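Please examine the following model together with its sequence.

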Amino acid sequence: MTEVSRLSRLNSDWHRVIELCALFRTHIADEDGIYDQRNPSDRLLLGVKGSLFAAELHVLQAWIWGALLSKAERGELTVALPVGYRRRPEGAVVHDPDDAVRLAIGSVFERFAALGNARAVLRHFLDHGLAFPRLVGSGPEMGRIVWERPIYRMIHRVITNPAYAGSFVYNRCREVVAVGARPPA
């Protein structure tokens with residue numbers, strides 16, 4: 001037996017489940033009763049319950065998002081840091097103490113400035129046999145730096161991550177553009 005609210009979180013999927021149950025003469029049961037999808041009243045009631053399941057999901061997502069924003073406003077939201085940064089026990093974000101890690105990250109930006117694109121930076125690393133640091137995010141090795149052959153995603157992530165530009169503040173700066181205003185040159 002499966003809890004019906006876990007079968008689907010989208011109304012369109014939920015109604016397909018109801019149709020399949022009607023086709024195969026399968027009943028759906030919950031804490032309120034047993035429903036036969038061939039009965040129009042039961043089908044209508046299950047449709048309403050499906051809408052309620054979808055609304056419940058929306059409310060939960062809004063609540064979670066609101067909690068994250070509230071935490072960010074208080075300055076308590078901690079996000080995973082990219083390789084090259086560490087968080088001290090008191091919460092301060094600092095550059096990784098490992099010189100090799102800082103050098104590898106710095107060389108990505110240096111090569112990007114000279115070559116102009118992430119693929120060229122990746123080719124430079126591969127042609128010169130350079131390894132790239134990766135921060136292990138889970139498991140018994142969590143928090144440890146491992147060195148591996150770089151892939152495009154690693155290089156692109158470094159180039160596009162706002163943390164490397166010093167952006168550690170979440171949702172604190174907003175740009176308000178007035179109607180008819182021209183963008184800065």
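Two strands are said to pair if DSSP finds at least two bridges between them. Helices (H or I, at least four residues) and strands (E, at least two) are DSSP runs, numbered from the N terminus. The model is predicted, and local features need pLDDT of at least 70, side-chain atom pairs count only at pLDDT 80 or more, and totals for chains, interfaces and linings use all residues. Residues are numbered from 1 along each chain as its sequence is written, and side-chain values use heavy atoms, with hydrogens and water left out.

Strand β1 (residues 27-30) and strand β2 (residues 33-36) pair in the antiparallel sense over four bridges. A hairpin of two residues connects β1 to β2, and Ala-29 has Ile-34 in β2 as its bridge partner.

Arg-25 is located in the loop between α1 (11-23) and β1. Its phi is near 55°, a positive value in a residue other than glycine. Most residues other than glycine have a negative phi. With a relative accessible area of 58%, Arg-25 is exposed.

Attention now turns to a pocket. On a 1 Å grid over the protein atoms alone, a pocket is an open set of points where a 1.4 Å probe fits, with protein on both sides within 12 Å along at least five of seven lines; lining residues have an atom within 4 Å of a point. The second largest pocket holds about 300 Å³ of space, a volume being the space filled by probe spheres set on the points, which are joined across faces, edges and corners. Its lining comprises 15 residues, and Val-83, Pro-133, Arg-134, Leu-135 and Arg-157 lie nearest its centre. Two or more lining residues come from each of β5 (132-135) and α5 (152-160).

Finally, the whole chain may be considered. The protein chain contains five helices and six strands, in the order α-β-β-α-β-β-α-α-β-β-α from the N terminus on. Of its 185 residues, 26% count as buried. Among contacts (heavy atoms within 4.5 Å) with a separation of 6 or more, 44% are between residues 24 or more positions apart.

Technical notes: Buried < 20%, exposed > 50% of the residue type's maximum accessible area, 1.4 Å probe, protein only.
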